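Work through the exercises below with the model open. Each task is followed by a stepwise solution.

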Amino acid sequence: MKLVHISDIHINPEPILGLDPIANFKKCLAYVEAHDQDADRVVITGDLTHYGLEESYRELAGILAGSPLKDKLAPRLMIGNHDNRETFASVFSGTRRDDAGFIQWTEETPAGLFVYMDTVDAGRHGGLYCEKRMAWLKHVLDGAREEGRRAYLFMHHNPVRVNVANADIIGIFNERELQALLKAYNDTIAHLFFGHCHYTLSGAVGGIPYSAPRSTNHTCWPDFTGQINRMGYGDLAPNYNVCFLREDSTVIHSIDFLDAGKVQWKIEEDVEMV
């Protein structure tokens, strides 16, 4: 199965750190439309807007309405800390919620069960996965385990410390409790996908591999000095990830879509396969 993972598009009418988030998201989407229409799913893991404003959600809705990505390829939209849960749901009327009102749901895919999690703690940049949400996730994972299905989890916030102070301070507040739950199901969870940090990440937590792309607008530079108030940014390549999910492997490619024009192709006429 082929998955396109996009994150942190930050739709906003004004530039952010000197960069145009609407123009950059349109360029990202255009590249996906041109090169990844054979994907099975497109998922955007939050920070859909920069300030959670209705006008920004309507701008995003208009962009997506004009895209050829429809039906199974219509991007699955998740919220992040820069979003507003109720405003988002008022614009995107088909928003799916759990019984407690959180924007989280599941979807059957060729690779297994996709689980879309709501890690937003309204009014805070840091995330939270409360008892109600963990009870919902446990129920979902119990069902997947009983049926022998693999589960792929999607969330906005990083569920693990990434050794960058300004990211770790706004990770998931109760990460230890969430990590304990995840570890208990590492026989069922195949991969964790998230965003939030704005730089490429990969690793494992609780025996489960994870990956994260950068923002499509303002990419950040990881800083290991321990300074909470220090953030590196600049004229850095944004990206999205193309993921290949197989029964025995997961492969993640980073696509720096604004650099595509720099690529030169060389075709070898006589290639011997050894």
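**Exercise 1.** Which residue in S6 stands opposite Leu-113?

Solution. The model is predicted. Start from strand S5, residues 113–116. S5 and S6 run parallel and are joined by four bridges. Across from Leu-113 stands Ala-151 in S6.

**Exercise 2.** Find the strand that S6 pairs with over four bridges in the parallel sense, besides S5.

Solution. Take Ala-151 again. Opposite Ala-151 is Ile-189 in S7. Strand S7 covers residues 189–193. S6 and S7 pair in the parallel sense, over four bridges.

**Exercise 3.** Are the faces of strand S6 buried or exposed?

Solution. Buried means under 20% relative accessible area. On one side, Ala-151 and Leu-153 are buried. On the other, Tyr-152 and Phe-154 are buried too. Both faces are covered.

**Exercise 4.** Describe the lining of the largest pocket.

Solution. The pocket holds about 400 Å³ of space. Its lining has 23 residues; Asn-166, Ile-170, His-196, Cys-220 and Met-231 lie nearest the centre. Helix H5 and strand S10 each supply at least two lining residues. By class, the lining has nine nonpolar, 10 polar and four charged residues.

**Exercise 5.** Which element gives the most to the lining of the second largest pocket?

Solution. This pocket has about 310 Å³ of space and 15 lining residues. Helix H2 and strand S3 each give two or more. H2 gives the most, with three residues.

Notes: Residues numbered from 1 in each chain as written. Predicted model: local features only at pLDDT ≥ 70, side-chain atom pairs only at ≥ 80, totals over all residues. Heavy atoms only, no water. 1 Å grid on protein atoms, 1.4 Å probe; cavity = no way out; pocket = protein on both sides within 12 Å on 5 of 7 lines; lining within 4 Å. Points joined across faces, edges and corners; volume = space filled by probe spheres on them. Nonpolar A, V, L, I, M, F, W, Y, C, P; charged D, E, K, R; others polar. Buried < 20%, exposed > 50% of the residue type's maximum accessible area, 1.4 Å probe, protein only. Pairing = 2+ DSSP bridges.
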